[in-house]
Number of protein chains: 2
Amino acid sequence: MPRLTALAATLPDTVPFVGPETQERARGRAFRARVGANESGFGPSPRVVAAMAEAAAEAWRYCDPDNFELKASLARHLGVTAENVVVGEGIDGLLGLTVRLFAEPGAAVVTSLGAYPTFNFHVAGFGARLITVPYRGDGEDLDALLIAARREKAAIVYVSNPDNPMGSWHGAGEIERFADALPEDTLLVLDEAYGETAPDGTLPPMLPLRPNVLRYRTFSKAYGLAGLRCGYVVGEASLVRAFDKVRNHFGVNRMAQVAGLAALADHDYLDKVVAQVDAARRRIAVIAAANGLRPLPSATNFVTIDCGADGAFALKVLQQLVARDVFVRKPMAPGLDRCIRVSAAPEAELAIFAAELPAALAAARTA
Amino acid sequence: MPRLTALAATLPDTVPFVGPETQERARGRAFRARVGANESGFGPSPRVVAAMAEAAAEAWRYCDPDNFELKASLARHLGVTAENVVVGEGIDGLLGLTVRLFAEPGAAVVTSLGAYPTFNFHVAGFGARLITVPYRGDGEDLDALLIAARREKAAIVYVSNPDNPMGSWHGAGEIERFADALPEDTLLVLDEAYGETAPDGTLPPMLPLRPNVLRYRTFSKAYGLAGLRCGYVVGEASLVRAFDKVRNHFGVNRMAQVAGLAALADHDYLDKVVAQVDAARRRIAVIAAANGLRPLPSATNFVTIDCGADGAFALKVLQQLVARDVFVRKPMAPGLDRCIRVSAAPEAELAIFAAELPAALAAARTA
């Protein structure tokens with residue numbers, strides 16, 4: 001038989017996330033509320049949907065491997081040039097390319113314990129060495145990350161701002177000071193997937209670009225296009241250009257290009273979604289509080305809810321919600337695992353969550 | 001500044017293929033005939049287009065990371081089980097994962113000189129060592145590939161059947177004997193992207209699965225869905241399972257899943273396209289012959305045309321066609337480079353090719 005590489009042979013064939021469809025097949029029943037994956041149930045803009053429908057007949061054409069129009073539009077949107085942008089198959093794909101480009105096998109990569117599992121999947125997948133530091137007060141601990149990055153001479157340090165899975169955030173100034181304090185050859189991977197729903201003052205200004213920072217954004221969250229796989233990285237041209245060495249040049253699908261362009265053109269819709277997300281966050285917080293639980297402040301399109309006990313209890317709450325056809329997820333790291341995580345969603349789904357939570361809690365308490 | 005890995009630093013940031021859109025931007029003018037990228041201008045099935053349009057509003061949902069329904073449908077279609085199939089972001093993406101999984105840095109990987117450049121891009125990208133053998137009689141030379149694979153103790157040998165860029169093919173028995181004769185730990189990457197348009201007897205039976213062969217298929221060619229990025233690999237479960245170690249689990253977009261399912265369900269449309277491709281191949285051959293050129297036999301959705309002189313002349317022919325708004329490509333390897341390559345397409349585009357070829361040839365002869 002052909003042999004796996006020595007590195008590949010060490011990797012598990014488990015997956016970073018189990019999809020809700022997989023759970024539905026196992027349960028033999030569909031979820032009634034899909035509020036676990038931080039998708040945007042508010043959906044994409046109707047103009048985006050129309051643009052996709054119109055483009056469907058052109059699906060026989062390969063995409064433009066340069067993503068020229070989408071990059072140009074993003075550059076205008078962000079106040080940078082197209083040379084500062086690379087588009088890829090979602091942030092997930094771009095994180096993989098980043099680790100591949102910047103972390104030698106064995107190199108140290110620093111992240112928070114309980115932060116994005118798919119990033120860790122890529123770190124393992126390219127044989128780099130994952131160093132984790134605990135969260136502090138339900139936020140990423142920038143001081144501890146900095147100490148670890150310096151101590152380990154890290155090739156990469158990963159920060160999500162706003163943070164997933166806790167919903168917390170740092171102000172732009174804190175992030176900038178953190179970037180400035182890093183060893184100069186450490187790359188800051190700044191994941192801003194949830195940036196659109198954060199308060200003003202969370203995202204650092206785009207300019208001046210820093211030579212040691214790449215910023216990751218996506219159409220999957222506020223733009224409501226998770227299914228299309230379209231994310232982008234913004235940074236100095238010399239860093240961004242490196243992605244051309246290894247990316248799948250025809251990898252961004254044509255529908256994503258069309259939808260991304262249309263989404264950027266519909267500012268009003270984005271504003272509307274951001275307001276809907278904010279209202280949904282407040283609604284989730286009210287539901288949580290009404291059940292004696294503590295909603296954590298959130299700058300994202302989800303609310304993390306402290307279930308008030310340990311990880312085992314929160315897991316039971318999750319299981320009881322799932323048993324009642326409510327798809328939610330939860331943090332798994334020690335200290336964070338007392339929480340469940342509920343995505344901002346239209347009222348119909350939040351009403352189901354509200355209706356099922358009391359019984360789920362009661363069952364979790366007696367189970 | 002953050003540093004690239006030693007391997008990444010050696011890689012060029014050139015691209016395997018320049019897209020027609022890039023050429024159009026450089027020219028400042030659109031192509032009138034897009035017959036260079038072996039896309040299917042016959043388009044996807046109208047049922048597939050309708051399925052995509054209907055699915056557009058659901059683009060806010062992540063795809064099913066298991067590709068469960070699509071794999072099940074493919075397995076039925078191919079007479080294997082779902083455990084024998086992995087779906088990815090086009091054959092391009094799957095080839096990258098294959099090299100990553102099975103070729104150590106420095107390991108020998110054997111291919112034909114002038115075969116698929118994107119495969120070579122991945123071999124370089126993962127630091128493996130590319131060994132090439134020349135074509136023989138415009139076909140891949142299985143004897144020479146076998147000798148090279150044995151001599152080099154190759155981790156992987158790549159064969160495209162039918163072949164791109166020459167359109168030639170081997171019979172199923174030849175491929176099977178080749179697979180059986182390989183060193184037992186050499187993986188045969190059998191690229192069957194053009195399999196649907198090949199004569200009966202070209203594709204080996206799917207069963208029994210061979211422990212040293214992975215077969216690559218796509219919705220990009222006969223199914224007319226190049227823009228959606230959806231390909232798949234078929235092989236023994238133990239080999240196929242390895243992709244889960246490294247693939248981008250949410251990487252196949254939801255539109256591709258929906259379209260792929262609908263495409264597999266519309267056998268009549270596929271049959272119709274295969275007949276249209278065959279007619280277009282004959283039409284291209286007639287056009288070539290009418291201009292004193294020699295069309296090569298083709299089992300693919302394109303016809304490679306021998307321009308009757310050297311590579312420099314064929315390049316001039318290509319340039320003159322491009323100048324006349326006809327997008328074509330050409331093989332670049334010595335011996336193959338006397339040819340240009342024209343995709344099967346609807347008559348409107350082939351008529352433009354027919355109309356422009358005489359002047360392009362005349363200009364190439366006097367340039």
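This is a predicted model: local features need pLDDT of at least 70, side-chain atom pairs count only at pLDDT 80 or more; totals for chains, interfaces and linings use all residues.
In what order do the 7 strands of the open sheet in chain A run?

**View 1. The open sheet of chain A.** Reading across, the strand order is S2-S8-S7-S6-S5-S3-S4, and the pairing is mixed. The edges belong to S2 (85-88) and S4 (129-133) of chain A; each has a single partner strand, so one side of each goes without a neighbour in the sheet. From one strand to the next, the twist averages 20°.

**View 2. Zooming in on S3 and S4 of chain A.** Strand S3(A), residues 108-112, pairs with S4(A) in the parallel sense, over 5 bridges. For a handy landmark, look for Ala108(A), which sits opposite Arg129(A) in S4(A).

**View 3. Helix H4 on the sheet.** H4(A), residues 68-78, lies across S2(A) and strand S8(A) (231-235). Relative to S2(A), helix H4(A) runs at about 125°.

**View 4. Helix H5, tucked inside.** Here 13 of the 13 residues of H5(A) are buried, so the helix is largely enclosed by the rest of the structure. A quick check on its geometry: at 1.5 Å a residue, the 13 residues (90-102) of H5(A) should span 18 Å, and the end C-alpha atoms are 19 Å apart, which agrees.

**View 5. Where chains A and B meet.** Chain B superposes on chain A through a rotation of 180° with 0.0 Å of shift along the axis, at an RMSD of 0.0 Å. That's the relation of a two-fold axis. Both copies use the same surface: 100% of the contact residues of chain B recur in chain A. Within chain B, the residue closest to the rotation axis is Ala53(B), whose C-alpha is 2.1 Å away.

Technical notes. Residues are numbered from 1 along each chain as its sequence is written. Chains are lettered from A and ligands numbered from 1 in the order in which they are written. Copies are superposed by least squares on the C-alpha atoms of residues with pLDDT of at least 70 in both. Two residues are in contact if their C-beta atoms, placed from the backbone, lie within 7 Å. Helices (H or I, at least four residues) and strands (E, at least two) are DSSP runs, numbered from the N terminus. The expected span of a helix is 1.5 Å times one less than its number of residues. A residue is buried if 20 or more other C-beta atoms lie within 10 Å of its own, exposed if 12 or fewer, and partly exposed in between; C-beta atoms are placed from the backbone. Two strands pair if DSSP finds at least two bridges between them. Axes are lines fitted to C-alpha atoms, for helices over the stretch in contact, and angles run from 0 to 180 degrees between N-to-C directions.
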